[in-house]
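Subject: Handover of a structure and the findings on it

Dear colleague,

Please find below the structure that I am handing over to you. I would be grateful if you would read the notes under it with the coordinates open.

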Amino acid sequence: MEYVCKIPYLDLLQSFDNGFEAVGFLKAQPVDLIFLDIKMDELTGIQFLESLDKKPYVIITTAYSEYALKGYELNVTDYLLKPFTIERFIQAVEKVSHQLEKAPENNRDFFFVKSDYKIEKIFFNDILFIEGMRDYRNIQTESKKILTLQTFRDLEKELPNSLFCRVHKSFIVTLNKIDIIERNRIKVKDKLIPISETYKADFYKIIGFNSTGQKQPGHNIIGFKAPLSPTKR
């Protein structure tokens, strides 16, 4: 991981080609961040993530775009598709750095919103989508609607960007609740949500497609094979 050495606040503790060895290391040595390749000997990156009870922050670095949505379902912080630039690498690391600075809040799986004259607790995993409705934002959960006057900007500060994505000026979607994407529309349950031009490129990149909705050519991209690299801040 040559880029790691260029970032002064990253301290590379160890690197592995084998996921089983990394599991043993993590039990003995706490780390803040893991750079994880998908293709590894014996244990794939996805299998490795699924085996962890308590996950550090994870940035996937791979030449395979088809695992992007699965990675975000497993709550990775970012997904770097090889070959990536130093600028894109720094952007991903800064995202982790900001989350580490707010670690007590980010360790929670819920947040609070003011709705009418009460404050409601909402679990992230219960949210299907958030919709703008004039002065209000409708937080649609699995069981009910919650209306709040909090702005999208305020809500985005509360929501982990590994789970949620803005796809339109009036919509935020929960990535692991998406059922179908067709003709620049997202289906979540019975709701059709438009994808606007402003957010289109970033959204499709997150799920491993290009801005026209075509699959990214993962296996044709030539890049170095990065080992699994637990990295402490």
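The notes below begin with the whole chain and then take up single elements and contacts.

**Overall**

Please bear in mind that this is a predicted model. The protein contains 7 helices and 15 strands. Of its 233 residues, 47% are buried. Among contacts with a separation of 6 or more, 53% are between residues 24 or more positions apart.

**Helix α7**

Helix α7 covers residues 197-206, and its buried residues are K200, F203, Y204 and I206. Viewed along the axis of α7, these buried residues fall within an arc of 145°, so they line one face of the helix. An α-helix has 3.6 residues a turn, so residues three or four places apart point the same way. On the face of α7 turned away from the buried side are the exposed residues T198 and D202.

What lies over the buried residues of α7? The cover includes α3 (68-73), β10 (164-168), β12 (180-182) and β13 (185-188). After α7 comes G208, which has a positive phi, near 90°.

Strand β10 pairs with β11 (residues 171-174) in the antiparallel sense, over 4 bridges. The two are joined by a hairpin through 2 residues. Within this pairing, C165 stands opposite V173 in β11. As for R166, it lies over the face of F152, at 4.3 Å from the ring centre.

**Strands β8 and β9**

Strand β8 (residues 136-141) and β9 form an antiparallel pair over 4 bridges, and a hairpin through 3 residues joins β8 to β9. In this pairing R137 stands opposite T148 in β9.

Which residues of β9 lie on its covered face, and which on its uncovered one? In β9 (residues 145-148), I146 and T148 form the covered face, whereas K145 and L147 form the uncovered one. In a regular strand the side chains alternate between the two faces of the sheet.

Residue T62 is found in strand β3 (residues 57-62). Its relative accessibility is 0%, and it therefore counts as buried, the cut-off being under 20%. Leaving aside residues up to four places away in sequence, T62 touches D37, I38, Y79, L80, L81 and K82.

Residue V31 lies in the loop between α1 (19-28) and β2 (33-36). Is V31 buried or exposed? With 12% relative accessibility, V31 counts as buried. The C-alpha atoms of V31 and Y57 are separated by 8.7 Å, although the two residues are 26 residues apart along the chain.

**Aromatic rings**

There are 10 aromatic pairs in the structure. One of these is formed by F111 and F124: the ring centres are 5.6 Å apart and the planes are at 20°, so the pair is stacked, given that planes under 30 degrees apart count as such. This pair links distant parts of the chain, 13 residues apart, with F111 in strand β5 (residues 110-115) and F124 in the loop between β6 (118-123) and β7 (127-133). Both F111 and F124 are buried.

Elsewhere, ring pairs link Y3, F35, F84 and F89 into a cluster. A ring also meets a charge at F110, where the charged end of K121 sits over the ring, 4.3 Å from its centre.

With kind regards

Key:
Residues numbered from 1 in each chain as written. Predicted model: local features only at pLDDT ≥ 70, side-chain atom pairs only at ≥ 80, totals over all residues. Heavy atoms only, no water. Buried < 20%, exposed > 50% of the residue type's maximum accessible area, 1.4 Å probe, protein only. Arc of directions from axis to C-beta. Contact = heavy atoms within 4.5 Å. Pairing = 2+ DSSP bridges. Phe/Tyr/Trp six-rings, centres within 6.5 Å; stacked < 30°, edge-to-face > 60°. Lys NZ or Arg CZ within 6 Å of the ring centre and 35° of its normal.
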